[in-house]
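Reader: I am new to this kind of model, and I would like to learn how to read its disulfides. Could you take me through them with care?

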Amino acid sequence: MRLDDEAESQNVEDRRGGGFGGGGFPIGGKSIGIGTIVIALAASYFFGIDPSLIFQGASVIQGQPQQAPQSQAHRPPATDQLTVFTRKVLGNTERTWEHIFETDLNRRYAPPTLVLFSGATPTACGTGQSAMGPFYCPGDQKVYIDLAFYDELRKRFGASGDFAQAYVIAHEIGHHVQNLLGVSAKVDAARRRMGEAQANQLSVRMELQADCLAGVWAATAQKANQALLEAGDVEEGLKAAAAIGDDRLQRQAQGYVVPEAFTHGTSEQRVRWLRQGLTTGDIRKCDTFAAKKL
Ligand SMILES: [Zn+2]
């Protein structure tokens with residue numbers, strides 16, 4: 001990706017301790033070996049989880065946000081490459097979704113906040129933990145990412161490259177778009193009336209739609225700036241999508257696959273829907289809920 005000319009987002013909240021302006025976020029940090037836990041949780045919760053799946057408590061979504069940690073306001077913003085990259089990609093998603101909302105939906109886009117944290121952090125959906133992977137909380141409209149996840153993505157799942165990283169952000173922003181459009185609320189309500197297997201199927205459609213929306217973002221951003229994506233970028237994104245399919249993760253974690261427990265879709269499905277968004281650049285082509293074949 002070429003992000004030289006991209007303006008950085010102002011909507012990043014840095015809750016990482018230490019590292020004044022530096023690159024320091026603990027990887028595999030002092031408290032937990034994130035890798036082990038990620039693998040343990042991978043099968044069910046990995047990557048852009050629907051928080052209601054994780055935080056099984058009833059009042060989770062409506063709950064009051066817990067007190068956020070001491071603001072980092074007087075600290076200069078971190079300037080390490082990965083943080084700057086994250087701010088730029090987020091900035092691009094803001095401009096791109098603003099444009100899509102205006103032209104396709106005749107609505108205004110309200111951008112989410114992206115929270116950088118390490119270890120654990122309070123959210124309106126309960127305590128967010130690195131081991132859950134990046135996620136979006138509809139209750140406070142924030143995306144939560146521990147950037148150490150990108151090491152996991154590369155080392156354990158063989159998905160490297162800047163566009164693979166951008167896809168992770170774009171997928172979470174996709175959940176924010178779903179929230180703004182009322183999809184999340186409908187799905188949550190429907191899931192509460194269902195048995196687990198059915199609820200999981202609905203989660204899969206939700207997740208695949210977020211993948212498709214990530215593709216729509218990239219396609220639209222590319223249209224606005226032809227230089228944004230470079231050769232190999234799309235392949236990187238598709239490879240990342242394949243790496244985090246439920247079937248592959250389950251096989252890695254437990255050696256066998258339980259389709260009823262899928263919450264995000266198979267590798268093949270994730271690739272297909274990301275590609276659908278990438279090739280059409282049209283949110284109307286992301287109706288995974290109406291699709292006969294996922
Ligand atoms: Zn997701």
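**Reading the disulfides**

Author: In this predicted model, a search of the whole structure turns up 2 disulfides. In general, a disulfide is a covalent bond between the sulfur atoms of two cysteines.

Reader: How far apart are the sulfur atoms of Cys-125 and Cys-137?

Author: The sulfur atoms of Cys-125 and Cys-137 lie 2.0 Å apart, and the two residues form a disulfide. The torsion about their S-S bond is about 95 degrees, so this disulfide is right-handed. Cys-125 sits in the loop between strand 3 (120–123) and strand 4 (126–129), while Cys-137 belongs to strand 5 (residues 135–137), so the pair ties together parts that are 12 residues apart in sequence.

Reader: Are Cys-125 and Cys-137 buried or exposed?

Author: Cys-125 is buried, and Cys-137 is buried as well.

Reader: Which residue does a disulfide join to Cys-212?

Author: The partner of Cys-212 is Cys-286, with an S to S distance of 2.1 Å. This pair links distant parts of the chain, since Cys-212 is in helix 7 (residues 196–224) and Cys-286 is in the segment after helix 10 (267–280), 74 residues apart. The torsion about the S-S bond of Cys-212 and Cys-286 is about -75 degrees, so that disulfide is left-handed.

Reader: Why does Cys-212 count as buried?

Author: Cys-212 counts as buried because its relative accessibility is 0%, and buried means under 20%. Cys-286, at 1% relative accessibility, likewise counts as buried.

Reader: What pattern do the disulfides of the protein follow?

Author: With bonded cysteines counted along the chain, the pattern is 1-2, 3-4.

Conventions. Residues numbered from 1 in each chain as written. Predicted model: local features only at pLDDT ≥ 70, side-chain atom pairs only at ≥ 80, totals over all residues. Heavy atoms only, no water. Disulfide = S-S within 2.5 Å. Helix = DSSP H or I, 4+ residues; strand = E, 2+ residues; numbered from the N terminus. Buried < 20%, exposed > 50% of the residue type's maximum accessible area, 1.4 Å probe, protein only.
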